[in-house]
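I opened my notebook with this structure on the screen and jotted down what I looked up. Here are the entries, in the order I made them.

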Amino acid sequence: MKIKQDEAAINQNKAKLTKVLDVYDKRLADSKYLAGDEFPLADRSHLPNAHYLVTGTDLKELFKERENVSRWWEEISSRESWKKTVDLQKFPQPKK
């Protein structure tokens, strides 16, 4: 099933995400995480949606091209607990 995409809405939301990531990049220049130097809930709450944006869409470069956002994403997404969570979401393929 092919669903028609609203390119205007996609572009509008991509622009919004770009602005948010610019704000995050400035914030992350002053601290390790968004809410300080400890790993807070604020950062953890970003993991599922950011994971989807980085791995399931063509928006990975928006994260990679911002030095501090890139560092932050690499750090929080490489945590063992997050990797285990991602692995739990992988469903085994049915045997044929």
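How close do the axes of α1 and α5 come, and at roughly what angle do they cross? I found that they come within 7 Å and cross at roughly 80°. Axes here are lines fitted to C-alpha atoms, for helices over the stretch in contact, and angles run from 0 to 180 degrees between N-to-C directions. That makes α1 roughly perpendicular to α5, a label for 65 to 115 degrees (under 35 is roughly parallel, over 145 roughly antiparallel, the rest oblique).

Ground rules before I go on. This is a predicted model, where local features need pLDDT of at least 70 and side-chain atom pairs count only at pLDDT 80 or more, while totals for chains, interfaces and linings use all residues. Residues are numbered from 1 along each chain as its sequence is written, and side-chain values use heavy atoms, with hydrogens and water left out. Helices (H or I, at least four residues) and strands (E, at least two) are DSSP runs, numbered from the N terminus.

**Entry: α1 against α5.** I went back to see who makes this contact (heavy atoms within 4.5 Å). On the α1 side I noted Leu21, Tyr24, Asp25 and Leu28, and on the α5 side Glu67, Asn68, Val69, Arg71 and Trp72.

**Entry: aromatic pairs.** My search of the whole structure gave three of them. One of these joins Tyr24 and Trp72 edge-to-face, at 6.2 Å centre to centre with 75° between the planes. Tyr24 lies in helix α1 (residues 7–28) and Trp72 in helix α5 (residues 67–77), so the pair ties together parts that are 48 residues apart in sequence. For the cut-offs: rings of Phe, Tyr and Trp (its six-membered ring) pair if their centres lie within 6.5 Å, with planes under 30 degrees apart stacked, over 60 edge-to-face and the rest tilted.

**Entry: buried or exposed along α5?** I listed Asn68, Val69, Ser70, Trp72, Trp73, Ile76 and Ser77 as its buried residues. Buried means under 20% relative accessible area, exposed over 50%, and partly exposed in between (1.4 Å probe, protein chains only). Trp72 counts as buried because its relative accessibility is 1%, and Asn68 does so at 16%. Asn68 touches Asp25, Leu28 and Ala29, leaving aside residues up to four places away in sequence. The cover over the buried residues of α5 includes α1, α2 (41–44), α3, α4 (60–64) and α6 (80–88).

**Entry: α3 against α5.** The axes of α3 (residues 47–56) and α5 come within 11 Å and cross at roughly 110°, and α3 and α5 are therefore roughly perpendicular to each other. I noted the contact as Leu47, Ala50, His51 and Val54 of α3 with Trp73, Ile76 and Ser77 of α5.

**Entry: Leu62.** I found Leu62 in helix α4, buried with a relative accessible area of 9%. What does Leu62 touch, not counting residues up to four places away in sequence? I wrote down Lys14, Leu17, Thr18 and Leu21.

**Entry: Ser45.** Ser45 sits in the loop between α2 and α3 and is partly exposed, with a relative accessible area of 48%. I also looked up Lys2, which is 43 residues from Ser45 along the chain, and the C-alpha separation is 31 Å.
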